[in-house]
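Reader: I would like to go through this model and ask what stands behind the words used for it.
Author: Go ahead, one term at a time.

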Amino acid sequence: MTSKTALFVGAWAVTCAAAFLAGRTGQSAPYEGGLPKDQATVGSGRVSRSENAPNRRRVSRPTNDDFPASRSERIRERARELKAMSDPIARAQGFLDFVQSLGPAEFLDAVDAFREGGLENEQFGEYRLLLTAWAEVDPTGALAYASEKTGTPFARQTILAAWAKTDPLRATEWARANFDNEGDENRANPWLVGVIEGLASYDTDGATRLLEELPFSRERGDALGAVFDEITAMGNDFAKQWVANLSDEQLKAGAAARLARTLAREDPEAAAAWAASLGPEVMARATGEIVDQWADTDLTGARTWIEKQPQEIIAAAGPNLIDEIIQQENIGAASDWLRAFEGDPAFDNTIRSFVWNSVRQEPTVAADWIMRMTDERERTGTFHRILGRWMEQDRAGAVDYINNNPVPESIKRRANMSAEQR
C-alpha cells in the first residue's frame, strides 16, 4: 500500500470510529456483525463505562459468563483475519463491525491478537480504533493492559484521549497518579498529552491549562499540536488571541511560530508583522516558518525582506532561507549569500544547514564551510558526521582533501585509518 493510501485509510477508519462511537452508547445489545451470526452472543447485563462518573450512559455488553471459553479464540482469530486483509477499505469496515460486536471483557483478546507480530504503519488506524472503543467501555482495564504490554506512549495516550472526552477528571487523575518524574521536575508527563488531546476537542481552556503545566519538552510539543489544530479551526483572529494570552513565554513563542506559518500562506509580510508585535523572542522563533512559506512562492521577496531585518532575525531565518536558495537556485548562490555573514557565531546553524544540503553534490564546498564555523566543537562534530557519507561517495577525493587542507586531527586520523583498512 502506498503511504498516501495508508494515510487515507487510517484517517477514514478514525473518522468512522468517531461516528460509530457517538452512536454506540444508545444500543441496548451488542452488534452482531463482527463475528459470524451463530458465534455472536447477546448479553443481558449492563456495564457502565465508569462506576461513579456523573451523567454517563450505559452500554449492554456480554460478561465472561455469557459466552463459552472458545469464544475467546474466535475473537482472537477474527482479529488476525482482519489484520491480514489486503483490501484497506474492507479491512476498515470489518474492524468497525468487529469492534461493535465486542463486550468489555473481550477487548483484551482482540487487542492482544491484533498486536501479535508487530504493526505496520497502515495498521495504526485500526489499532487506534480498537483502543478507543476499549477506552469507552473499560478505560482502566485498557490502561492496565497498555501499561503492562506496551513500551511506547501511543496506546496509553490514545486511551486517555478517548477517556478524557467522557470523564476528564478521572482521566487526569490517572495520568497524574501513574507518572513518576524520577526526581526530575523538568520531566514532562506523557500521559497528560493524551488527556490534552481528548480535552482539546471540546474544552480548549481546560486543555490549555494542562498544556501550560508541561515543561519544555517533546511531549509539550505534541500536546501543543493537538490544541493548536482545534484553535486554528476557530479562525485566525481567535488563534492570535489565544497565542497572545499564553502565560509561558517559551510556549507562546512556539505556538506563535506555528501560527505564523499558517498566516504566511496567505500574507507572509502581515504574518511577520504580527509575530514582531509579540516581541523579539517570538519573532526569532517565527521567522524561519514565515520564510519557508514565503520563499516557496516568492524567494526574491522573502530574501529582500529578511535582509532588511536586524542581524539576529536574519540569523534565525538563515537555515530556512539557505535551504530555499539551494533548492531554487544553486549551491553557488547560497554560498555567495552566506559569505556576507562569515565569522558571525550566530550563523553557525546556517552553515550547518548549508553543509547538509550541499555535501552530496559539492562535498569540498561543504567541507570548506565547515572549517569556517566559529565553534571548534561544532566544527569537528559536523565534519565527523559528514565524513562517512563523503567516504562512501568518493573515498579518494575525501582523503585527498583532508590531507591537503587544515582539518581537525581526529578527522585526518579517521580518514587515513579508513583508507588503510580498505
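Reader: Which residues in H19 are buried?
Author: This is a predicted model. In H19 the buried residues are Asp348, Thr350, Ile351, Arg352, Ser353, Phe354, Val355 and Ser358.

Reader: Which helices do the buried residues of H19 pack against?
Author: They pack against H17 (311-328), H18 (331-339), H20 (363-370) and H21.

Reader: Why is alanine 315 called buried?
Author: Its relative accessible area is 9%. The cut-off is under 20%, so alanine 315 counts as buried. This residue is found in helix H17.

Reader: What does alanine 315 touch, not counting residues up to four places away in sequence?
Author: Alanine 315 touches Ala346, Phe347 and Thr350. Of these, Thr350 is one of the buried residues of H19.

Reader: How many residues apart in sequence are alanine 315 and threonine 287, and how many Å apart in space?
Author: They are 28 residues apart in sequence and 9.7 Å apart in space, C-alpha to C-alpha.

Reader: Why is threonine 382 called buried?
Author: Threonine 382 has a relative accessible area of 0%. Buried means under 20%, therefore threonine 382 is buried. Threonine 382 lies in helix H21, residues 376-403. Leaving aside neighbours within four places in sequence, threonine 382 is in contact with Arg352, Val355, Ile370 and Met373. Arg352 and Val355 are among the buried residues of H19.

Reader: Which members of the largest nonpolar core touch the most other members?
Author: The core has 115 residues, and those five are Phe98, Trp242, Ile290, Trp337 and Phe383. Isoleucine 290, leaving aside its neighbours within four places in sequence, is in contact with Ala260, Ala264, Pro268, Ala271, Ala272 and Ala275.

Reader: What volume does the second largest pocket have?
Author: The volume is about 260 Å³.

Reader: Which helices each supply at least two residues of its lining?
Author: They are H7 (154-164), H9 (190-200) and H11 (218-232). The largest share, 4 residues, comes from H11.

Terms used:
Residues numbered from 1 in each chain as written. Predicted model: local features only at pLDDT ≥ 70, side-chain atom pairs only at ≥ 80, totals over all residues. Heavy atoms only, no water. Core = buried A, V, L, I, M, F, W, Y, C linked by side-chain atoms within 4.5 Å. Buried < 20%, exposed > 50% of the residue type's maximum accessible area, 1.4 Å probe, protein only. Contact = heavy atoms within 4.5 Å. 1 Å grid on protein atoms, 1.4 Å probe; cavity = no way out; pocket = protein on both sides within 12 Å on 5 of 7 lines; lining within 4 Å. Points joined across faces, edges and corners; volume = space filled by probe spheres on them.
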